Amino acid sequence: MTKLRHLNAAAFRGARFDLPLDFTKDHRSVAIYGENAAGKSTITDALEWFVNDKVEHLWRDDCKQEALRHAQCGDGDITQVKIAFQGQELSGTKSLSADLKTSVAYSNDACEQLVKNINEDNFYLRHAQITGFLAKTKGEKRKQIASIIGYDEIVQFRDVIQQTKNALQKEAAYTSAKARLDQLKSKSMELAGEQLTTKAGFYHKANALAGPMALKTAIADEKSYEDALKELRAKGSDPQKIKAAERLGQLEKSCNSFKDELEAVKSALAAFEAPNNELCKEKENVSKLRIGEFLAKGNQIIADGIYSDPNCPFCLSDYDLDQLQQEVGTRLAAMAALQQKFDSVKVLKDKLIEAITNAGRRAKSFGDDYADLDTFKKLITETGGGADTLRQLFKDINKSFEAFEPLPTSDTLNVKLDDLAALADSSAEQAQEEAGKLKLTEQEEAITKLIATLASLHELVGTYLRHDTTVKRYQAQFLTLEKIFDAFIKVQNEALQAVLDKISGDVGAFYAKLHPKENVDKVRLRMIGEEGVEFEYSFHGNPTQPPQKYLSESHLNSLGIVLFLANARIFNKKARFLVLDDIVTSFDTGHRRRLLRLLKEEFADWQIVLLTHESVWFDLIKRELRESGWLFKEVKADSDNGILLDESPATFRSLIEAKRGKLDVTNDLRKLLEATLKEICYALEVKVAFRFNDVNERRMADELTSQLRSTLKSKSPETAKHSVFSDLAGSTLIANLGSHDNPEPIVGEDIDVVLEDIDKLAALFICGKCNRPVRADANVPGEKKVSCSCGHCKIDWKD
Amino acid sequence: MADKEIKSAKDVVSEFLESLAGSADLDARTVASISALRDEGKLTKTNLLRRLEADRAADPAAPVQEAGGDD
């Protein structure tokens, strides 16, 4: 695992110029204080962007790369975050140009891999994340926990099974086959007085119906059924007459069915037309639905960090991956809504296609089965044309749906269908009339009727069994999916609970450390309901959930913090550093102290970056953690320079170098002189007038110079006479320092003169070797002098 | 996963699918199709629906086939 060695952000968020943060070679923890809006979160943002390629709270509000650049950045300024990690040569620089192109350079492949691994870890916590997690539903919590612990594949598997099962149940082929079974059962009741759903049932019923005819043939299979029909026909005076009557009866029935089927086509067409034409208006978007899976898969590949080059993984043109991912995410969300619309139109289309297919088959059957009936030539010819019309309609519907082109108006088509229906109606009547002209005997009529009934039931059972097979195959599949889903939920929950138990050990222990003896204990995460995740706890000895039920805001806050800490400790693979950004706003002092002790005791070997905007809390952190080797920094914001982490002479020197020739550096020169004087005056114990709190810090260079000379006159008179004091007194900087808003900027050579004066002053009191000032309490033994830490730099000093 | 006691997501799903093999109360073709698509890294709703459609059309007596040919 690794820690942070150094971080530098420049032209990034609040940092206009370099914002260096050195964690020292010991990779020390650091507490950073900054007033609200001082820009301290720039540090968290910099880490998040460097590692994750995005800053979640900005990206969520659609503020992306543009929001990363400092507001006063010019076109030539490159936004940069440089991070060095613990270990040899593990560093990288991520840059963002003015045209918002991102580039990354790592010291070596090992560093690149390290950053990829850290990307999978949880290393930063902001207050908004805590409240965000607690507000999620139990199901959302399950997904988030699964994501945190790398269980995304489990969630994906579960979702595919559930979505497929749901989609399967809605498929038109299944729903229409199921509906058809019900219709056939009703028809069977009508014809046979019972529901015939098997061949055996049909044979049994056929024998019963044929009983009065005293047939020798017992119907037990298809062959004996055909033999029985022959035997029946032979019982009349003329088997051919019976056969003719039988066919006319079948034709009459077919004509009536055809009429109903044509009506079904018209009705399905009317239901499909308007929604389909509406969908066609969104042709461009609908046609892109086909690439939805491609986009989703690509997005996942980028999210998983499998592809990280700064270009489009498909066309390889330059493109920022974050931006690409966001854009694809937005497109996928819009696609989901359109997909729903598309799916419902597809169901209507499938029903229409089925209706056309049924009517088309029937239309074709007239020519196939009754071409020899001369008196029905018109029916044969017209239904032949009708079959062509229906075939064309079949093609048009599919073409329209696939190409997202609206259907042409159906008026002409409806006229054709109506004409066909009218012809079918008149042909049915004609068949009935012609059957009547055959003048069958009473027995022949009974035989014909029986044969027609048997033929109808035979066809009905055949059709029933065909649809039943379809339904059973569907049902076998979705019952299997349902069982798989139910079984997998148990497996998923057991796997998740095992992880939750692991986390809960730390969660409970950490929470107890934050809130001992507060009637809330045994805090753990548990699978709740079918597959939700929730915090469970004991309140006054009674197990309960959810946390919002009884817990105060600060207790809820604690839950979020301890969950983050427990997750990080158990699951982080590489990041042994944590950034806690303003996370204790609702804590009172006692609980804040407990949090510090929790960090001190449980995370002693971790590196913590703790940011706060509360000075009292910052003071508490200093008192509690100074002895643990923590560093303490204050962020200050300046409208010219952005945010700065310290006001040392070195900081102002680098600022002046960066700005010189481009921006006014007068204030920076003044601050450099003040910072140098403060360092010297502090070390020499120079006395100045008493002032309260922050005002004490705001002393100007002329006051500090004057008081320094005053002290030197009594303690080191020769030093007080050094020319640097008269040079400084006469310099533009001191001469014009009546106010901090010096109206006359120092430019050109004057900058060099001021810098030389400051260098001379520093050289007099600050050691060139150890870089420490001469101190009033560092007496040189045997000499009336004081020195710096190493003893190299000395000045005269009276006791 | 940092912790060895906790199974990886891949193992959880693999072990689960292995446990389904041969279950008498499940449609063997459906189980085989899910496993095959997962092995190919193609387990999506669309691919599974396509595979199930082919399964329904297949001769019930035909042996269960291995996966292949999906997007």
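**Architecture and local features of the two chains**

Residues 24 or more positions apart account for 68% of the contacts in chain A that have a separation of 6 or more. The model is a predicted one, and the description that follows begins with its two chains. Chain A holds 28 helices and 16 strands. Of the 799 residues in this chain, 46% are buried. The accessible surface of chain A amounts to about 38500 Å², and carbon and sulfur atoms contribute 50% of that area.

Chain B is built from three helices and zero strands, and its elements follow the order α-α-α from the N terminus on. The chain has 71 residues, of which 38% count as buried. For contacts in chain B between residues at least 6 apart in sequence, 45% link residues at least 24 apart. An accessible surface of about 4000 Å² was computed for chain B, with 48% belonging to carbon and sulfur atoms.

The largest nonpolar core comprises 111 residues, and the members that touch the most others are A:Tyr151, A:Ile503 and A:Leu595. Helix α17 of chain A, spanning residues 442-514, supplies the largest share of this core, namely 25 residues. Another core, of 49 residues, lies apart from it and includes A:Leu279, A:Val286, A:Leu289 and A:Ile302. With residues up to four places away in sequence left aside, A:Leu595 is in contact with A:Leu514, A:Ile561, A:Ile583, A:Val584, A:Phe587 and A:Trp617.

Helix α11 of chain A covers residues 239-280, a run of 42 residues. From its first C-alpha to its last, helix α11 reaches 58 Å, close to the 62 Å expected at 1.5 Å a residue. At the start of α11(A), a side-chain oxygen of A:Asp238 comes to within 2.9 Å of the backbone nitrogen of A:Gln240. Further along the helix, a kink of about 30 degrees is located at A:Glu273, shortly before the proline A:Pro275.

Two threonines in strands of chain A were examined individually. A:Thr79 belongs to strand β4, which runs over residues 79-85. Because its relative accessibility is 0%, A:Thr79 is classed as buried. The side chain of A:Thr79 forms a polar contact of 3.2 Å with the side chain of A:Arg69. Beyond four places in sequence, A:Thr79 touches A:Ala10, A:Ala11, A:Phe12, A:Leu68, A:Arg69, A:Lys94, A:Ser95 and A:Leu96.

A:Thr102 lies in strand β6, residues 102-106 of chain A. A:Thr102 has a relative accessibility of 13% and therefore counts as buried, the cut-off for this class being under 20%. Residues touched by A:Thr102, again not counting those up to four places away in sequence, are A:Trp49, A:Gln65, A:Lys94, A:Ser95, A:Leu96, A:Pro310 and A:Asp320.

A:Ser710 is part of helix α24, which extends over residues 701-715 of chain A. Its relative accessible area is 41%, so A:Ser710 is classed as partly exposed. A:Ser710 and A:Val686 are 24 residues apart along the chain, and their C-alpha atoms are separated by 8.5 Å.

Terms used. Residues are numbered from 1 along each chain as its sequence is written. Chains are lettered from A and ligands numbered from 1 in the order in which they are written. This is a predicted model: local features need pLDDT of at least 70, side-chain atom pairs count only at pLDDT 80 or more; totals for chains, interfaces and linings use all residues. Side-chain values use heavy atoms; hydrogens and water are left out. A nonpolar core is a set of buried Ala, Val, Leu, Ile, Met, Phe, Trp, Tyr and Cys residues joined through side-chain atoms within 4.5 Å. Buried means under 20% relative accessible area, exposed over 50%, partly exposed in between (1.4 Å probe, protein chains only). Helices (H or I, at least four residues) and strands (E, at least two) are DSSP runs, numbered from the N terminus. Contact means heavy atoms within 4.5 Å. The expected span of a helix is 1.5 Å times one less than its number of residues. The bend at a residue is the angle between axes fitted to the seven residues ending there and the seven starting there. A polar contact is a pair of N or O atoms within 3.5 Å; within protein, one must be able to donate a hydrogen and the other to accept it, and residues adjacent in sequence count only if both atoms are side-chain atoms. Accessible areas come from the Shrake-Rupley method with a 1.4 Å probe; for residues, only the protein chains shown count as cover.
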